[in-house]
Amino acid sequence: MKDDFTILGIESTCDETSAAVLRGGKELLSNVVYSQIDEHKKYHGVVPELASRAHAAKIAAVIETALGNYKIDCVAFASGPGLPGGLMVGRVAAETLAAFKGVPLIGVNHLEGHLFACEFEENRVCRPLEFPLVALVVSGGNTELLYVKDYGVYKELGRTRDDAAGEAFDKVAKLLGLPYPGGPQVSKQALAGNKDAVHFPRPLLPGTWDFSFSGIKTAVSYYLRDHKNVSVPDVCASFETAVVETLVTKTIKAALKYKVKQIAVGGGVAGNTLLRQIMEEKGKEAGLTVRFVERKLSSDNAAMIALAAYKKLERAQSAGKEPEWNININPNMKVRTWR
């Protein structure tokens, strides 16, 4: 790959419309994100049809702003997992731009993007991951635990059986009458609460690496039904602690089981302060290093899509093989080995 090989990435899997330009797999030249929070907040969650319309309305302007006058060698887009309408908007925009510029088009896995985003620091790709590692990708739509042997070499250990962790935060926020998006609101309330006020279950699911957060959400619902004049901060602190302890316990156990030295944590929930604090504390106690994505790149963004594409192209070229272009969208796409 040339040192100045430049990729324009496009992200449209859920409720952020984003485009970014990455040069040489190292330098982030731009990263424009349009958030749809205002479109969805009155519904306390993402409405797929509204999300698709917002992507269609904003994606051209977002791409134009990110692209500027940069010359690009490739266009990349998130081909899954995600909302079907949003994925299609991203693909059509990417195909159109690639055809207009006369450059190749490549689709990448959105979840890989969250993992690779852990390598960014201050708009530079300068924190290489230390393989093998265990990765936790945790967001509003996904909670995945992976054993990562190298770039493009994965073993799925576990995933959510129902609600993702971020989804559970949003649903509990709605139960408590807190504004959308709920995750940050729950965490803000929790700062003034007592984490031991209510004991919500820790769904560790012994014998599996899977997650399940619908039970905690239901427990909160029952608690609110059966108790009057509850302390919202106490409920938030107790709920947040239950979710974080579940995520941390399973991730640390997996890292020790697979004898890795590093844990990487990406996705929107990776910005949660308590998760960062407890994971780093428990990781240090276990002799593990923990790499969190920068907060500004924890939510959906196109910088991570451009980097994921660069990794695929770079490794295909070094192996003398044709890369997997992967341009068919797949709303239920899983992380799988491509090397």
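Student: Which residues does phenylalanine 239 touch?
Tutor: Leaving out residues up to four places away in sequence, phenylalanine 239 touches Ala168, Phe169, Val172, Val186, Phe200, Ile216 and Val220. Contact here means heavy atoms within 4.5 Å. Before we go on: this is a predicted model, in which local features need pLDDT of at least 70 and side-chain atom pairs count only at pLDDT 80 or more, while totals for chains, interfaces and linings use all residues. Residues are numbered from 1 along each chain as its sequence is written, and side-chain values use heavy atoms, with hydrogens and water left out.

Student: Which residues touch the most other members of the largest nonpolar core?
Tutor: Phe239 and Leu275 do, in a core of 85 residues. The helix α8 gives the most to this core, with 12 residues. A separate second core has 20 residues, including Val21, Val89, Leu97 and Val103. A nonpolar core is a set of buried Ala, Val, Leu, Ile, Met, Phe, Trp, Tyr and Cys residues joined through side-chain atoms within 4.5 Å.

Student: Why is asparagine 142 called buried?
Tutor: Buried means under 20% relative accessible area, exposed means over 50%, and partly exposed lies in between (1.4 Å probe, protein chains only). Asparagine 142 has 15% relative accessibility, so it counts as buried. Its place is in the loop between β8 (133–138) and β9 (143–150). Leaving aside residues up to four places away in sequence, asparagine 142 touches Pro81, Leu111, Val137 and Ala164.

Student: What makes phenylalanine 131 and tyrosine 151 an aromatic pair, and what kind is it?
Tutor: Rings of Phe, Tyr and Trp (its six-membered ring) pair if their centres lie within 6.5 Å; planes under 30 degrees apart are stacked, over 60 edge-to-face, and the rest tilted. The structure holds 6 aromatic pairs. In the one formed by phenylalanine 131 and tyrosine 151, the centres are 4.7 Å apart and the planes make 75 degrees, so this pair is edge-to-face. It links distant parts of the chain, 20 residues apart: phenylalanine 131 is in the loop between β7 (124–125) and β8, tyrosine 151 in the loop between β9 and β10 (153–159).

Student: What kind of pair do phenylalanine 169 and phenylalanine 239 form?
Tutor: Their centres are 5.0 Å apart with 75 degrees between the planes, so this aromatic pair is edge-to-face too. Phenylalanine 169 lies in helix α5 (residues 165–175) and phenylalanine 239 in helix α8 (residues 232–257), so the pair ties together parts that are 70 residues apart in sequence.

Student: What makes lysine 58 count as a charge over the ring of tyrosine 34?
Tutor: The rule asks for NZ of Lys or CZ of Arg within 6 Å of the ring centre and within 35 degrees of the ring normal. Lysine 58 lies over the face of tyrosine 34, at 5.0 Å from the ring centre. Likewise, the charged end of lysine 250 sits over the ring of phenylalanine 211, 5.6 Å from its centre.

Student: Last one: why is aspartate 210 called buried, and what does its side chain reach?
Tutor: Its relative accessible area is 18%, so aspartate 210 is buried. The side chain reaches the backbone nitrogen of arginine 159 at 3.1 Å. A polar contact is a pair of N or O atoms within 3.5 Å; within protein, one must be able to donate a hydrogen and the other to accept it, and residues adjacent in sequence count only if both atoms are side-chain atoms.

Key
Helix = DSSP H or I, 4+ residues; strand = E, 2+ residues; numbered from the N terminus.
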